[in-house]
Amino acid sequence: MQVLEQLTNRSGGKCELCGATDNLSVYEVPPVSTGGVDGSLLGCATCIGQIEDPDTTDANHWRCLNDSMWSEYAPVQAVAWRMLSRLKAEGWPQDLLDMLYLSDETLQWAKATGEGVAESEKIIHRDVNGVILENGDNVVLIKDLKVKGSSMVAKQGTAVRRISLDRENAEYIEGKVDGQQIVIITKYVKKT
């Protein structure tokens, strides 16, 4: 069964955020979605458009989260938390955030994109050239790196695919080199 069919069955053919029935599509919830039903939701064009482009956000549209934030599905909960965090300056979203309970895992997923954090507090990862790195990017090592705790040396020119960012330190990223998950310092990588 296709993901779209499964999500349509799960949601009863409605946007899982606002309940609209037109222009529905699968939205994989970032940063690095597990894909499939467990990492996606069924959303309408209006909701998905506003999620992806904060400049188009209409606060009144998101009053629908009063109902959908109680969904039993983690992708819906994560997006509801993100949108409420984005809109908390409006007043009413903060009240909903105060009521919303998420499991630790879902809350970590919801916070992974940096939504709800003031611009001055966001941790920004940059490669050796100052280019901003995002979860899921591919990088190349610019020098040989000795991997602590092993005899392995990650060679210059090695591609590291689908990196993940350390949310607490702007100098660290993680990725697999020769099948081993390692921590890499950002000043030794270049985004590809």
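Okay, let's start with a rule: rings of Phe, Tyr and Trp (for Trp, its six-membered ring) pair if their centres lie within 6.5 Å, and planes under 30 degrees apart count as stacked, over 60 as edge-to-face and the rest as tilted. By that rule, the count here is zero aromatic pairs.

Before going on, this is a predicted model, where local features need pLDDT of at least 70, side-chain atom pairs count only at pLDDT 80 or more, and totals for chains, interfaces and linings use all residues. Numbering runs from 1 along each chain as its sequence is written, and side-chain values use heavy atoms, with hydrogens and water left out.

How confident is the predictor? pLDDT is its confidence in each residue, from 0 to 100. The protein averages 87, and 93% of the residues score at least 70. Among helices and strands, which are DSSP runs numbered from the N terminus (helices H or I, at least four residues; strands E, at least two), strand 7 (residues 164-165) has the lowest confidence, at a mean of 86, and strand 3 (residues 139-141) the highest, at 94.

Back to rings for a second. A charge sits over a ring if NZ of Lys or CZ of Arg is within 6 Å of the ring centre and within 35 degrees of the ring normal. Arg10 does that with Tyr73, lying over its face at 4.3 Å from the ring centre.

Now the cysteines. How many disulfides are there, counting a pair of cysteine sulfur atoms within 2.5 Å? The whole structure has zero. Cys47 is in none, with the nearest cysteine sulfur, that of Cys44, 3.6 Å away. Cys64 is in none either, and its nearest cysteine sulfur, that of Cys18, is 5.3 Å away.

Buried or exposed? We call a residue buried under 20% relative accessible area, exposed over 50%, and partly exposed in between (1.4 Å probe, protein chains only). Cys47 has 0%, so it's buried, and Cys64 at 17% is buried too. Asp22 counts as exposed because its relative accessibility is 58%. Asp22 lies in the loop between helix 1 (3-11) and strand 1 (24-28), and its C-alpha is 6.6 Å from that of Cys44, 22 residues apart along the chain.

Helix 4, residues 74-86, is mostly covered, with eleven of its 13 residues buried, including Trp81 and Arg82.

Last stop, a hairpin: strand 8 and strand 9, with two residues between them, and Asp178 in the turn has a positive phi of about 50°. These strands pair (DSSP has to find at least two bridges) in the antiparallel sense over six bridges.

Note on methods:
pLDDT = per-residue confidence, 0-100. Disulfide = S-S within 2.5 Å.
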